Amino acid sequence: MKNASPEQRSTNSSSTAVVYAALIGDILVAISKVGAAIWTGSAAMTSEAIHSHRSRQKPDTDHPFGHGRELYFWSFVVSLLIFALGAGFSIYEGIYRILYPTPIQSPVVSYIVLASAFLLEGGSWLYSLRQFRRAKGDLGFFKAFTLSKDPPSFMTLFEDSVALVGILIAAVATVAAVALRRPEFDGAGSIAIGLILAATSVFLARESKSLLMGEQAYPSIRNSILSLANTQSGCLSANGLFTVQLGPAQVVAMLSLEFSDVLLAPQIEEAVIELEKKVREKNPEIVALFVKPQTAKTFQDQRERALGEAPPEQNPSIPG
């Protein structure tokens, strides 16, 4: 995802398909788990049941760059809900079952549902994994997770992975509780599931928060803009570039350029229009490109002051 230009754009639609596939699988799994939890009274099964597009709206006067960042907001909210609802309830239910153990009724039902859930979740997981591998390229999984600008792509794979681990834990806890006649193992399995959900929630919330606050665009996009600017007729050099990721396929870019002193204002405007056209053709993610004509020294001075790397300008003393 670091070098994410053409390949990355081709995965935007596939990430939507991943979400739909995971959603269908989760609905089927959740229905079976809730039914089994009610039937058997298993805490681990209940924990698994709990666990288990407005961002595409066009720009308007109140949101001139669109609603792409809303996807990051809801991703952050979902991450917190995993902890508040999933992890919290699982841990509470596990502690309660340890303090007040209740034998599991009809364990065969739990086994059948767990096996079915594993197959359904496994199918969704394989689909998510295949799409994510295609998107990440040569990057490692963890690096790809941290660099991704598309939360559904990595959240779906994470959710499916945690679901599979949770199903295995629920199965082991149920077997142990029945075979050893110790219902406390059922509660322990619920607590283990809750702790895994909590750890997953913290990681996903951290990544979603970073995107919500505003990350830079992919290096490949930034390098492409700078390369086009440096080859633009009338432009002496590109001083620097700032980008903000508004959504998986929405980027705002601010570019500092030094133009030739012989150019007049209409000629500079023409050069900027031509450059913007080239940038948008090469990088359709760019929803807005702002160009500021200035010298390299002026850009550097302003950048240092903005980052607090230079002392503030002082007014000359006025003689008394």
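Accessible areas were computed with the Shrake-Rupley method and a 1.4 Å probe, and for residues only the protein chains shown count as cover. On this basis the accessible surface of the protein comes to about 17,000 Å², with 64% of it belonging to carbon and sulfur atoms. The model is a predicted one, in which local features need pLDDT of at least 70 and side-chain atom pairs count only at pLDDT 80 or more, while totals for chains, interfaces and linings use all residues. Residues are numbered from 1 along each chain as its sequence is written, and side-chain values use heavy atoms, with hydrogens and water left out.

Of the 320 residues, 43% are buried (under 20% relative accessible area, with a 1.4 Å probe and protein chains only). The secondary structure consists of 11 helices and three strands, taken as DSSP runs numbered from the N terminus (H or I of at least four residues for helices, E of at least two for strands). Along the sequence these elements follow the pattern α-α-α-α-α-α-α-α-α-β-β-α-β-α.

The three strands form an open sheet of order β1-β2-β3 with mixed pairing, where two strands pair if DSSP finds at least two bridges between them. Because β1 (235–247) and β3 (286–293) are edge strands with a single partner each, one side of each has no neighbour in the sheet. Neighbouring strands are turned by 15° against each other on average, direction ignored. β1 and β2 (residues 250–259) pair in the antiparallel sense over 10 bridges, and a hairpin of two residues joins them. In this pairing G247 lies opposite Q250, and C235 lies opposite F259. β2 and β3, in turn, pair in the parallel sense over seven bridges, with M254 opposite F290. Eight of the 10 residues of β2 are buried, so this strand is largely enclosed by the rest of the structure.

Helix α9 packs on it and touches β1, β2 and β3, its direction making about 150° with that of β1; contact here means heavy atoms within 4.5 Å, and angles run from 0 to 180 degrees between N-to-C directions. Helix α10 lies across β2 and β3, running at about 150° to β3.

The helices α9 (residues 219–230) and α10 (residues 265–282) also pack with each other, at an angle of about 145° and with their axes 10 Å apart. S224, I225, L228 and A229 of α9 meet L275, K278, V279 and K282 of α10 in this contact.

Conventions. Buried means under 20% relative accessible area, exposed over 50%, partly exposed in between (1.4 Å probe, protein chains only).
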